[in-house]
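My notes are below, in the order I took them.

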Amino acid sequence: MTQRYRIVVLAVLILAYTFNFLDRQILGILAGSIKKDLGLTDSQLGLMGGLAFALFYTGLGVPIAALADRSSRTWIMTGALTMWSGFTALCGLATGFWQLFLCRMGVGVGEAGGVAPAYSLISDYFPKEQRARALAAYSFGIPIGSALGILFGGLIAATIDWRAAFIIVGLAGVLLAPIFRLVVKEPPRETPVAAPTPVVVGLRALLAKPSFWLISLGAAASSVCGYGVAFWLPSFFERSLGMGLVDRSLFLGSMTLVGGVIGVWAGGVLGDRLGRARPAAYLLVPAAAFLLALPCFVLAVQAQSLAVAFALFLIPTGLNLVWLGPVITAVQHLVPAAQRSTASACFLFVNNLIGLGLGTWYFGAVSDVLTPRFGAEALRYAIYSGLGFYVVSAALFALAARGLKRDWVA
């Protein structure tokens, strides 16, 4: 295959991942409108943003990935894109907490087949010396999708209402699905699938590696803070800085896009350059990034000026995503090529069940507990309380780096 076609495929995969995070994160900017319309608490919003999505997203990810290691990854991703986009559109028809909760579960079911097969496809499309950068480029879908979810969600909600925002972005994803299938072809695998290692044997080998657990739990700890802060920042800017919906959309959308893209790419470049000589660098780079992000977040949350807040939030927004390329690359090298989808799904299971499932709920629940004392400022203190997860993450990555060479599969 040509380098040009690789780039085209990567671009379409990034587009699909953009819709993945657009549909996943749009709830954050719409939270205030939904809360008022449906009479919800911060804890309920946190459950919809995290647990409702994470339950089936994590639970189905492993069996779907095991299927992807033995069948067409492109067909699985096409069906997944159609499903999560359709359920996003259905969110716009919900009239109460449980209807919206169930629709968000449906989004999670669809997205369970969207990421791990893509990691495996990229690892087969690109040689190993380019993988951290390719996987980092794929991860551009996170800041781009998150930014567009904030921007489009806010602008559509301000122009029409929050229901229209869900319906419009959901239907756009459904229309993308057939285009995805036409463009992305199933590549030859590094290891043929004619005689694959049994799933149970592969899982046992992976789960017996200490570095897998340390990497997964380290990523999960960072994701508690990463997902939680990302979900609640729109509400924080509304309550603590008095920003309107359109202003919040433009402010947070641009901050997420610029900071996120820089952070993701920097992580991929550093991973490829430093990891060639020393695999441990794939984990030490994100560990350092999280330790730098913590004080930046503390200063940013204290800012009263919008200009100062933008500059201060831009730095940890980038540092928060440095881990993606290096860590995902490290996970890919813990198993043989034929087991990469399954390994990615196991990693995502731990990362998202804890990080996504707990993160958004944690900050909402702490905010509810602190509201009687701090009022509208409760969310500010809830964010402070969650930043310690970055220290936990950095420590776990540092421990994993010490034994990574032993578990590494070239």
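**Ground rules.** I'm working from a predicted model, where local features need pLDDT of at least 70, side-chain atom pairs count only at pLDDT 80 or more, and totals for chains, interfaces and linings use all residues. Residues are numbered from 1 along each chain as its sequence is written, and side-chain values use heavy atoms, with hydrogens and water left out. Helices here are DSSP runs (H or I, at least four residues), numbered from the N terminus.

**Helix 2.** I started with helix 2, residues 42-49, and asked how many of its residues are buried. I found 6 of the 8 buried, so helix 2 is largely enclosed by the rest of the structure. Buried means under 20% relative accessible area, with a 1.4 Å probe and protein chains only. The buried ones are Asp 42, Ser 43, Leu 45, Gly 46, Met 48 and Gly 49. I then looked up what they pack against: helix 1, helix 3, helix 5, helix 11 (210-241) and helix 16 (340-374). Contact means heavy atoms within 4.5 Å.

**Helix 3 with helix 5.** Next I checked how helix 3 (residues 51-68) runs against helix 5 (residues 97-111): their axes come within 7 Å and cross at roughly 30°. That makes the two roughly parallel. Axes are lines fitted to C-alpha atoms, for helices over the stretch in contact, and angles run from 0 to 180 degrees between N-to-C directions; under 35 degrees counts as roughly parallel and over 145 as roughly antiparallel. I noted the crossing of helix 3 and helix 5 as right-handed, meaning the near helix is turned clockwise from the far one by less than a right angle. On the helix 3 side I listed Ala 52, Phe 53, Phe 56, Tyr 57 and Leu 60, and the residues they meet in helix 5 include Phe 101, Arg 104, Met 105 and Glu 111. By class, this contact has 9 nonpolar, 1 polar and 2 charged residues. Ala, Val, Leu, Ile, Met, Phe, Trp, Tyr, Cys and Pro count as nonpolar, Asp, Glu, Lys and Arg as charged, and the others, Gly among them, as polar.

**Helix 1 with helix 6.** For helix 1 (residues 3-38) and helix 6 (residues 116-125), the axes come within 11 Å and cross at roughly 165°. They are therefore roughly antiparallel, and I logged the crossing as left-handed. Tyr 5, Arg 6, Val 9, Leu 10, Leu 13 and Tyr 17 in helix 1 meet Ala 118, Tyr 119, Leu 121, Ile 122 and Tyr 125 in helix 6. I get 10 nonpolar, no polar and 1 charged for this contact.

Ser 146 sits in helix 8 (residues 141-159) and counts as buried at 8% relative accessibility. Its side chain reaches the backbone oxygen of Ile 142 at 2.7 Å. Leaving aside neighbours within four places in sequence, I found Ser 146 in contact with Phe 21, Gln 25, Gly 141 and Thr 256. Ala 157 is also in helix 8, and is buried at 11%. With residues up to four places away not counted, Ala 157 touches Leu 30, Phe 152, Trp 162, Ala 165 and Leu 245.

**Ser 393.** Is Ser 393 buried or exposed? Buried, at a relative accessible area of 0%. I placed Ser 393 in helix 18 (residues 388-407). Beyond its neighbours within four places in sequence, its contacts are Gly 218, Ala 219, Ala 221, Ser 222 and Phe 290.

Notes
Buried means under 20% relative accessible area, exposed over 50%, partly exposed in between (1.4 Å probe, protein chains only). Angles under 35 degrees count as roughly parallel, over 145 as roughly antiparallel, 65 to 115 as roughly perpendicular and the rest as oblique. A polar contact is a pair of N or O atoms within 3.5 Å; within protein, one must be able to donate a hydrogen and the other to accept it, and residues adjacent in sequence count only if both atoms are side-chain atoms.
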